[in-house]
Amino acid sequence: MQFGRYYEEFEVGATYKHWPGKTVTEYDDHLFCLLTMNHHPLHLDAHYAAETTDFGENVVVGNYVYSLLLGMSVPDVSGKAIANLEVESLKHVAPTFHGDTVYGETTVLDKTESRSKDDRGVVHVETIGYKQDGTVVCVFRRKVMVPKRSYGETRGGEQPGRPEPVRR
């Protein structure tokens with residue numbers, strides 16, 4: 001199974017549909033909020049959300065939705081990355097609620113060979129996240145430095161650093 005791509009494998013205009021999606025649970029949302037010290041009642045207090053917001057229920061914290069989509073994209077986009085260089089833009093377009101399933105896809109916008117090292121390049125991508133009904137909830141653009149095949153070959157191929165089993 002492929003994990004990430006080399007620079008040569010990216011084509012401008014290609015879209016990678018990440019699989020599988022993830023159904024967001026109340027536990028996921030609350031744990032992320034607590035781990036990141038985001039204690040806003042919109043995310044944690046069901047009574048507050050029901051009584052004082054237009055949504056009438058807890059909204060999943062946006063940074064979790066972004067992180068989920070970023071993680072979904074790793075096998076298709078940045079699994080071989082040398083560095084994540086920049087998040088150019090991040091837009092939360094619509095709310096995500098407990099029980100929603102989030103899906104993502106990434107489109108290659110551009111790619112540029114490195115001017116300083118001939119074994120890598122920068123890929124510019126846009127990822128969109130959407131719910132089970134197709135509603136887009138999050139859109140972000142980022143730039144990722146990825147290796148060319150020559151970089152991978154000099155560092156161990158497809159699975160660099162993988163040890164061989166010692167049979168006894």
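**View 1. The open sheet of 5 strands in the predicted model.** The strands of this open sheet follow the order β1-β3-β4-β5-β2, and their pairing is antiparallel. Because β1 (15–23) and β2 (83–92) stand at the edges, each with a single partner strand, one side of each is left without a neighbour in the sheet. Averaged over the sheet and with direction ignored, neighbouring strands are turned by 20° against each other.

**View 2. The pairing of β4 with β5, and the helix that packs on the sheet.** Strand β4 (residues 120–131) and strand β5 (residues 136–147) run antiparallel and are joined by 11 bridges; within this part of the sheet, Glu126 stands opposite Arg141 in β5. Helix α4 (residues 62–78) packs on the sheet, where it touches β1, β2, β3 (101–113), β4 and β5, and the direction of the helix makes about 40° with that of β5.

**View 3. The salt bridge between Glu9 and Arg149.** The structure holds 7 salt bridges, and in the one formed by Glu9 and Arg149 the closest N and O atoms are 3.6 Å apart. Glu9 lies in the segment before β1, whereas Arg149 belongs to helix α5 (residues 149–154), so the pair ties together parts that are 140 residues apart in sequence. Glu9 is partly exposed, with a relative accessible area of 24%, and Arg149, at 35% relative accessibility, also counts as partly exposed.

**View 4. The salt bridges Asp28–Lys22 and Arg120–Asp119.** Between Asp28 and Lys22 the closest N and O atoms of the salt bridge are 2.6 Å apart. Asp28 has a relative accessible area of 16% and is therefore buried, since buried means under 20%, while Lys22, at 27% relative accessibility, counts as partly exposed. In the salt bridge that Arg120 forms with Asp119, the closest N and O atoms are 2.8 Å apart, and both Arg120 and Asp119 are buried.

**View 5. A nonpolar patch on the surface, formed by Tyr27, Leu31 and Leu35.** Together, Tyr27, Leu31 and Leu35 have about 360 Å² of accessible area. Leu31, one of the residues of this patch, has its place in helix α1 (residues 26–35). With a relative accessible area of 35%, Leu31 is partly exposed, and this value meets the requirement of over 30% that applies to residues of a patch.

Notes:
Residues numbered from 1 in each chain as written. Predicted model: local features only at pLDDT ≥ 70, side-chain atom pairs only at ≥ 80, totals over all residues. Heavy atoms only, no water. Patch = residues over 30% accessible without salt bridge, like charges linked within 9 Å, V, L, I, M, F, W, Y side chains within 5 Å. Areas by Shrake-Rupley, 256 points an atom, 1.4 Å probe, with all protein chains shown as cover. Salt bridge = Lys/Arg side-chain N within 4 Å of Asp/Glu carboxyl O. Helix = DSSP H or I, 4+ residues; strand = E, 2+ residues; numbered from the N terminus. Buried < 20%, exposed > 50% of the residue type's maximum accessible area, 1.4 Å probe, protein only. Pairing = 2+ DSSP bridges. Axes fitted to C-alpha atoms, helices over the stretch in contact; angles between N-to-C directions. Contact = heavy atoms within 4.5 Å.
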